[in-house]
Amino acid sequence: MSLETWRTVLKFFPDEMRVLLSKINSEIGSQALEIRWGIHRPLEIVGNKINQIISSDGEVVTDADFGCLLNERSLKKLLNALTLGSMYAMEEELMQGYITLPGGHRVGLAGHTVLTDNKVRLLRDISTINFRIAEAHIGIADEILPRLWSNGKFLTTLILAPPLGGKTTMLREIVRCISNGVPHLALPGLRVGLVDERSEIAGCYQGVPQLDIGYRTDVLDACPKREGTYQLLRAMNPQVIATDEIGTVDDFAMIEDIANAGVAFLGTAHACNLDEARQRRGLRDILEHSSMKRIVVLNGRGVLPEVF
Amino acid sequence: MIRLCGAVLIIFGTSALGILHAARFHERCRVLREWMAVLGTLKTAISYNTCLLPDAFTNMALESEDVLFRNSLKKAAQDLKYGSTHSVSELWENIVQQTSNNVLKAADFSELRRVGMFLGNSDTHDQLEKLNLAIMNLQGNLAQATSDAAKRTTLAGYSGFASGIMLLLLMWR
């Protein structure tokens, strides 16, 4: 992440917290992917290669007891600053456990859940937050893009990576490239339908994508994968449908339906490698029986992905 | 002749003071009516639950005809931004103070402050329930204020005139 993004992120925090965060070493700030904090929990900066506890002076400490703790009053202030004092307007997002901010950043929240018919209706008494920093990584797919195309058509592809492995970032970049086309690789632009179930890929804020996903991409934000996929097939005439985190038996049927409609699919799944993916029933079906043509395995940020 | 002019002036003056005093009762009714309109707009904004409070405040400011309401709502909309240190209840308190025009009573203040305590911090259903209750209570206050105004306007007018006569009598005794 760039230092500029880190500075942008700080603007979302109220004064006293912004002062503390701005004291953090810029090298740590520029590597941060998540800011985790909670009531009576120390401030933690998490990145791909870092996991640092921060003291109230903005210094890195090893002992959690010396970390800067958050009290209830400060958390209330922080939530007020992050929601513009409008929790009611975030109701649907809160049911999913997060809110999306301008710039596509997402704040994950945990606290007391209120259930109706065994479904989370609302989240109250919030006690922890996880500020997930969004940033586009233009160019990270350049190496693998030519292998995902054949005769001007995009091949159905699955991206595998462990948590924090950069799946969503890679998916977003591939979607952008498919949508805009890549002239220097002679890849034409295609219409992409993106089902962004958790507002993570396009980072939509009030329905408008905050991250670059290409100008031929139609987004269904906060929409369940299955419903969204069929809606896009009916309404938007996509050439590629993309979505995040597949792996169930239902997803297998969905991918088959997409292929039967003559549309390519691009998705991601949690798994460190192909062997681990095959151990999950839904994923095994997708890998062995579906029309999946390419598997991209990410081995962590900065490491060249493998394509099968 | 001069005495007569003086007497007329005194009676006019005290009567005018009485009428001005009576106008304050009507002013409370007007401010309460304005508040009810504002809360009605707020209710609509919240029921369409994608409208954030700063946008709701801006809409309320645009719809209000009262300059005090317009300015204080606009200011609150500007202050309530990402990273803001001001809480909604603090901003709401400012709006209440700036628009009261020194005519609201303790019961009106406590009702309006209660809105500031819950505004924005729960789900739509809860917000609407509480806003409905607040509007209902303000309606009660308004009914009381209207009846007070009707009674006291005439009384204040007469009192002003009567105190003018009294003053003249004391002066000429």
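**Exercise 1.** Work out how many residues of chain B and of chain A are in contact, and what area they bury.

*Solution.* Start with the head count: 24 residues of chain B are in contact with 25 residues of chain A. Keep in mind that this is a predicted model. Next, the area: about 1800 Å² is buried between chain B and chain A, and carbon and sulfur atoms give 54% of that. B:Leu52, B:Tyr82 and B:Thr85 supply 38% of what chain B buries against chain A, more than any other three residues.

**Exercise 2.** Sort out the polar side of the interface between chain B and chain A, then say which helices of chain B take part.

*Solution.* Then try polar contacts, where the count is 13 residue pairs, both residues at pLDDT 80 or more. On to the helices: α2 (53–63) and α6 (124–172) of chain B each bring at least two residues to the side that touches chain A. Of the elements there, α2(B) gives the most, with three residues.

**Exercise 3.** Find the largest nonpolar core and take a look around B:Trp35.

*Solution.* The largest core has 83 residues, and B:Trp35, B:Phe57 and B:Trp92 have the most contacts inside it. Helix α1 (residues 2–47) of chain B gives the most to this core, 11 residues. Leaving out residues up to four places away in sequence, B:Trp35 touches, among others, B:Phe69, B:Trp92, B:Ile95 and B:Leu138. Apart from this core lies another, of 29 residues, including A:Ile159 and A:Val240.

Key:
Residues numbered from 1 in each chain as written. Chains lettered and ligands numbered in written order. Predicted model: local features only at pLDDT ≥ 70, side-chain atom pairs only at ≥ 80, totals over all residues. Heavy atoms only, no water. Core = buried A, V, L, I, M, F, W, Y, C linked by side-chain atoms within 4.5 Å. Buried < 20%, exposed > 50% of the residue type's maximum accessible area, 1.4 Å probe, protein only. Helix = DSSP H or I, 4+ residues; strand = E, 2+ residues; numbered from the N terminus. Contact = heavy atoms within 4.5 Å. Buried area = accessible area lost by both parts, 1.4 Å probe. Polar contact = N/O pair within 3.5 Å; in protein donor to acceptor, adjacent residues only side chain to side chain.
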